[in-house]
Amino acid sequence: MAERPGRRPRRPHSAQVVRTERLTPHMQRVVLGGEGLAGFTADTCTDHYVKLLFPAAGVTYPEPFDMERIREEFPRDQWPVTRTYTVRQWDPEHRELTLDFVLHGDEGLAGPWALRARPGETVRFLGPGGAYAPAPDADWHLLVGDESALPAIARSLEALPRGARAYAFIEVDGPQEEQKIDSDVEVTWLHRGSRPVGEALVAAVRGLDFPEGRVHAFVHGEAHFVKELRRLLRVDRQIPREDLSISGYWRLGHNEDGWQASKREWNARIEAEQEQAPTHTGTPAG
């Protein structure tokens, strides 16, 4: 079918799997490359992300692949399924894009794919998006997250200049899930064990002796602990919204499709509730 005039097609990038690596028992790395990345770049934000496109079973899409056209011409249950992943590394010289996948056994869509991926396999994705990079004029930095935020936190720490003041708290299942990060910032690894996701992170940030000066904070992960930390930082610590990158990357009991459908409403409601909440006694940041 001919392309409709006057409509800008939403075409994804196309890349091939170059290699894979098992980083930890629950983290798989996939490196993508190829000529399809010639127009790709991801060098302005440390939380850049892409949306991988997984075809519906048994469905063949017309070329050139165009998401807007697919959504217009195919029933919804035949649309590609999207899964969002942070850009762990982008090497423009070698044109290689590195993505890290949290593994949950056979559960989910992207994790099992990452385990099965083989060199030469073609992958399509949209993006990149992104909005955060450590502010160079901040007095100090706070980075907090679970495994889903680990790639963005690691990339952010590696982007900080040597000697920058920063506190990084990363919650993982256990010591076997810790990773080496090329930064002189000392990461506090919190081991979840049998505790609820994020409980250790909330306790760690509550217990932190906040330094003087302007903090630039990055807090992402499971939505419920992010909600608790949003209140702590916005209400109790009175950190301005513009100095805080915070959102739930995922939510317990929801797959990405369900969470993305309700995320905007959830965030707006939580923000409204906390804007109206009384300020707790405490020492404001700055």
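Biologist: Which residues of the largest nonpolar core touch the most other members?

Modeller: This is a predicted model. In its largest nonpolar core, which has 24 residues, Leu142, Val144, Phe169, Val205, Phe210, Leu229 and Leu233 touch the most other members.

Biologist: And which elements give two or more residues to this core?

Modeller: Those elements are S7, S10 and S11, together with helix H4 (199-206) and H5.

Biologist: Take Leu229. What is it in contact with, leaving aside its neighbours within four places in sequence?

Modeller: Leu229 is then in contact with Val144, Leu201, Val202, Val205, Val219 and Ile246.

Biologist: What does the second, separate core include?

Modeller: That core has 22 residues, among them Ala15, Val17, Leu37 and Ala117.

Biologist: Back to the helices. At roughly what angle do the axes of H4 and H5 cross?

Modeller: They cross at roughly 15 degrees, and the two axes come within 9 Å. Angles under 35 degrees count as roughly parallel, so H4 is roughly parallel to H5.

Biologist: Is that crossing left-handed or right-handed?

Modeller: The crossing of H4 and H5 is right-handed.

Biologist: Which residues meet there, in H4 and in H5?

Modeller: From H4, the residues are Leu201, Val202, Val205 and Arg206. They meet Phe225, Glu228, Leu229, Leu232, Leu233 and Asp236 of H5.

Biologist: Now the sheet. In what order do the five strands lie?

Modeller: The order is S9-S8-S7-S10-S11, in an open sheet with parallel pairing.

Biologist: Which strands stand at the edges?

Modeller: Strand S9 (187-191) and strand S11 (244-250) do. Each has a single partner strand, so one side of each is left without a neighbour in the sheet. From one strand to the next, the twist averages 10 degrees.

Biologist: How many bridges pair S7 with S10?

Modeller: Six bridges join strand S7 (residues 140-145) and strand S10 (residues 215-222), in the parallel sense. As an example, Trp140 has Val215 in S10 as its bridge partner.

Biologist: Where does H5 touch the sheet?

Modeller: Helix H5 (residues 223-236) packs on the sheet and touches S7, S10 and S11. The direction of H5 makes about 160 degrees with that of S10.

Biologist: One last topic, H3. Why is that helix largely enclosed by the rest of the structure?

Modeller: Helix H3 (residues 150-159) is largely enclosed because eight of its ten residues are buried. The buried residues are Leu150, Pro151, Ala152, Ile153, Ala154, Arg155, Ser156 and Leu157.

Conventions. Residues are numbered from 1 along each chain as its sequence is written. This is a predicted model: local features need pLDDT of at least 70, side-chain atom pairs count only at pLDDT 80 or more; totals for chains, interfaces and linings use all residues. Side-chain values use heavy atoms; hydrogens and water are left out. Two strands pair if DSSP finds at least two bridges between them. Helices (H or I, at least four residues) and strands (E, at least two) are DSSP runs, numbered from the N terminus. Axes are lines fitted to C-alpha atoms, for helices over the stretch in contact, and angles run from 0 to 180 degrees between N-to-C directions. Contact means heavy atoms within 4.5 Å. A nonpolar core is a set of buried Ala, Val, Leu, Ile, Met, Phe, Trp, Tyr and Cys residues joined through side-chain atoms within 4.5 Å. Buried means under 20% relative accessible area, exposed over 50%, partly exposed in between (1.4 Å probe, protein chains only). Angles under 35 degrees count as roughly parallel, over 145 as roughly antiparallel, 65 to 115 as roughly perpendicular and the rest as oblique. A crossing is left-handed if the near helix is turned anticlockwise from the far one by less than a right angle, and right-handed if clockwise.
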